[in-house]
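Here is a short report for a first look at this structure. It covers a pocket and then some helix packing.

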Amino acid sequence: MESIAKKVTIYYSGAILFSWTLWIGIMLFSMLSGVEILYNEGVYTILTEGVESLPQLIVFLFFTAAVYGPLFGVFAVGLLMKNEKARMPTKPAKKIRQTRVGGWLLFIFLYPIILFSAALLVTWIVSGFTAEFNWPALPLWFIPVFFLFQCLTSGMEEFGWRGYLQPLLQTKYTAEKACFRVGVLWSIWHYPIIIYMNYANGIPVALLSLVGFTLLTIPQAYILGWLYNSTKNVWLCVILHAWANTVSAYLLAASPVPLLTPIAVAIGTWLLADYLVKKYGKEKLSTQTS
C-alpha cells in the first residue's frame, strides 16, 4: 500500500474506532441503564441545573469526548508510521497580515448568520408567511459560552480533517477532489450521532437525515477546505466550525418547518461551494496565487 493511502487508512480507521466506540458504547449504556445522554445544548442544562447523577456526568463527558476521534487518527498515524511523521504535509504557513485576519474573521462571523437567516426566510416564504418560529430554549447570553464549548469540542475536529487529511490528499489529488473525499469521510464519521438524534422519529426519517446531512457536509468541506488553503491557518477553521454550530443551535432550531430549512441551508452551501470552485480553481481552491 502506498504511503498516502496507508496514512489515510490509518488516520480514518483511528478516527472511526475512537469516536464510534464511544458514541455507540454510550448509546447502548444509556438504553440499558436509562441514563439520559446530554449532548451539545445539554451543556446548558449541566451548567445551570447540574446533573441528575454521577453516571450522567460520566456519560456526558465520554459522549462529548468522541469528537476527538480525528485528533486520535492523526496520533495513530504518527504512532504506526514512526518513520513518516503525521505532521501536516504542506509547507509552513506564512504569517497572515493582521488586516487579512480581520477580513477572514468577518467572513467567518457573517457567513453562518447570512446562510441560516436566508434559509429561515425561504422557509417562511414557502409556508406562506403563516408558520410560527420555534425560538430555542437557549438564552442569548449563553451564545459566547456555547461558542467556547464548541471550539473546545467539535472545533477540534479541524486539526484532523483540514489540518491533516485535506493537505495529505492534496499531495495526490486536486483541491476539489480532496475536498469531496474529505466531505464524504467527514459525513460518514458523523453517522452514529446523526442516527442517535433522529432514530426516535422512525427509521425512514433517520435514513433521510443521513442523506441530508451528507449533502450538507460535503459542500461545507469545500468551504472549510477553501478557508484552510487560503490561510493555512487551521485555527480559523476551528472558529468557523464552532461558530456555524453555535448559529445553527439558535437559528436552525427556530425553523417553523424543521424538515424544509435544512434543505435550504444545503442548497445555499452548495451554491457558495460551486462559486468558490469556479472563482479560485479546482487545482488549489485558494485565494493565494503562489
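## The largest pocket

The residues lining the largest pocket divide into 32 nonpolar, 16 polar and two charged. The model is a predicted one. The largest pocket holds about 1,800 Å³ of space. Its lining has 50 residues, and the closest to the pocket centre are M197, F213, L216, S248 and L252.

Which helices supply the lining of the largest pocket with at least two residues each? They are α5 (98–126), α6 (143–152), α8 (175–198), α9, α10 (234–251) and α11 (261–280). The largest share comes from α9, with ten residues.

## Helices α9 and α10

On the α9 side, the contact is made by Q220, I223, L224, L227, Y228 and T231. On the α10 side, V234, L236, C237, L240 and A244 take part. By class, this contact of α9 with α10 has nine nonpolar and two polar residues, and no charged ones.

## Helices α7 and α9

Helix α9 spans residues 203–231, and helix α7 spans residues 158–169. The axes of α7 and α9 come within 11 Å and cross at roughly 75°. Angles of 65 to 115 degrees count as roughly perpendicular, so α7 is roughly perpendicular to α9.

From α7, the contact uses E158, R162, G163, Q166 and P167. From α9, it uses A221, L224, G225, Y228 and N229. How do the residues in the contact of α7 with α9 divide by class? Four are nonpolar, four are polar and two are charged.

## Helices α7 and α8

Helix α7 also packs with α8, at an angle of about 140°. The axes of α7 and α8 are 9 Å apart. The crossing of α7 and α8 is right-handed.

The α7 residues in this contact are E158, W161, R162, L165, Q166 and L169. The α8 residues are A175, A178, C179, R181, V182, L185, W186 and W189. By class, the contact of α7 with α8 has ten nonpolar, one polar and three charged residues.

How values were computed
Residues are numbered from 1 along each chain as its sequence is written. This is a predicted model: local features need pLDDT of at least 70, side-chain atom pairs count only at pLDDT 80 or more; totals for chains, interfaces and linings use all residues. Side-chain values use heavy atoms; hydrogens and water are left out. Axes are lines fitted to C-alpha atoms, for helices over the stretch in contact, and angles run from 0 to 180 degrees between N-to-C directions. Helices (H or I, at least four residues) and strands (E, at least two) are DSSP runs, numbered from the N terminus. Angles under 35 degrees count as roughly parallel, over 145 as roughly antiparallel, 65 to 115 as roughly perpendicular and the rest as oblique. Contact means heavy atoms within 4.5 Å. Ala, Val, Leu, Ile, Met, Phe, Trp, Tyr, Cys and Pro count as nonpolar, Asp, Glu, Lys and Arg as charged, and the others, Gly among them, as polar. On a 1 Å grid over the protein atoms alone, a cavity is a set of points where a 1.4 Å probe fits but cannot get out, and a pocket is an open set with protein on both sides within 12 Å along at least five of seven lines; lining residues have an atom within 4 Å of a point. Grid points are joined across faces, edges and corners, and a volume is the space filled by probe spheres set on the points. A crossing is left-handed if the near helix is turned anticlockwise from the far one by less than a right angle, and right-handed if clockwise.
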